[in-house]
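These are my notebook entries on one structure, set down in the order in which I looked things up.

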Amino acid sequence: MPTHALPPMPRVALAAAPEASSPENFGALIQNTDPGSNAGIPGVQLPSGLGATSGLPIGLELDGPAGSDRKLLAVGMAVEGVLGRLPAPKAK
C-alpha cells in the first residue's frame with residue numbers, strides 16, 4: 001500500500017549541539033521528508049533502530065498516495081508491531 005519506504009533522514013540523527021541546527025544540517029536532515037510534506041501526501045515515520053556507532057535513533061518513513069491516510073496508519077501500526085519496542089537511545 002505505501003508507495004515509498006525510505007529513511008526519514010539520509011543519516012543517523014545528530015547529537016544535540018549548536019551545529020545540529022545549522023542551515024546546512026537542517027537542509028540535509030529534511031531532504032527526504034520535505035518533498036512529501038510539500039506535496040501534501042500522507043506519511044508516517046516509525047523508529048526502527050539505533051545507529052551502530054552513535055546509539056541515536058534511526059527511522060523508517062512510509063509515504064502513501066493522497067487520501068490514503070487511514071490505510072497508511074494501519075500499515076504503520078502493523079510495521080510497528082513487527083519492529084517492536086526499541087531500547088532507549090544510548091547516552092554518549
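I began with sequence separation: of the contacts in the chain between residues at least 6 apart in sequence, 57% join residues at least 24 apart. I counted a contact where heavy atoms lie within 4.5 Å.

I noted the provenance next: this is a predicted model, in which local features need pLDDT of at least 70 and side-chain atom pairs count only at pLDDT 80 or more, while totals for chains, interfaces and linings use all residues. Residues are numbered from 1 along each chain as its sequence is written, and side-chain values use heavy atoms, with hydrogens and water left out.

Entry on elements. I found three helices and three strands in the chain, and from the N terminus on they run β-α-α-β-β-α. Both kinds are DSSP runs numbered from the N terminus, helices being H or I of at least four residues and strands being E of at least two.

Entry on the sheet. I looked up the strand order and read β1-β3-β2, an open sheet with antiparallel pairing. The edges are held by β1 (4–6) and β2 (43–50), each with a single partner strand, so one side of each has no neighbour in the sheet. From one strand to the next the twist averages 20°. Strands are taken to pair if DSSP finds at least two bridges between them.

Entry on the pairings. I recorded three bridges between β1 and β3 (residues 57–63), with Leu6 opposite Glu61 of β3. For β2 and β3 I recorded seven bridges. In β3, Leu60 is the bridge partner of Leu46, and Pro57 stands opposite Leu50. The hairpin of β2 and β3 has six residues between the strands, and there Gly55 takes a positive phi near 75°.

Entry on helix α3. I located α3 (residues 69–83) across β2 and β3, and its direction is at about 10° to β2. For such angles, axes are lines fitted to C-alpha atoms, for helices over the stretch in contact, and the values run from 0 to 180 degrees between N-to-C directions.

Entry on Ala16. I placed Ala16 in the loop between β1 and α1 (23–29). Is Ala16 buried or exposed? Ala16 counts as exposed because its relative accessibility is 83%; the classes are buried under 20% relative accessible area, exposed over 50% and partly exposed in between, with a 1.4 Å probe and protein chains only. Ala16 and Thr3 are 13 residues apart in sequence, and their C-alpha atoms are 32 Å apart in space.

Entry on the whole chain. I noted that buried residues make up 23% of the 92 residues. The C-alpha atoms fill a box of roughly 40 × 30 × 15 Å along the principal axes.
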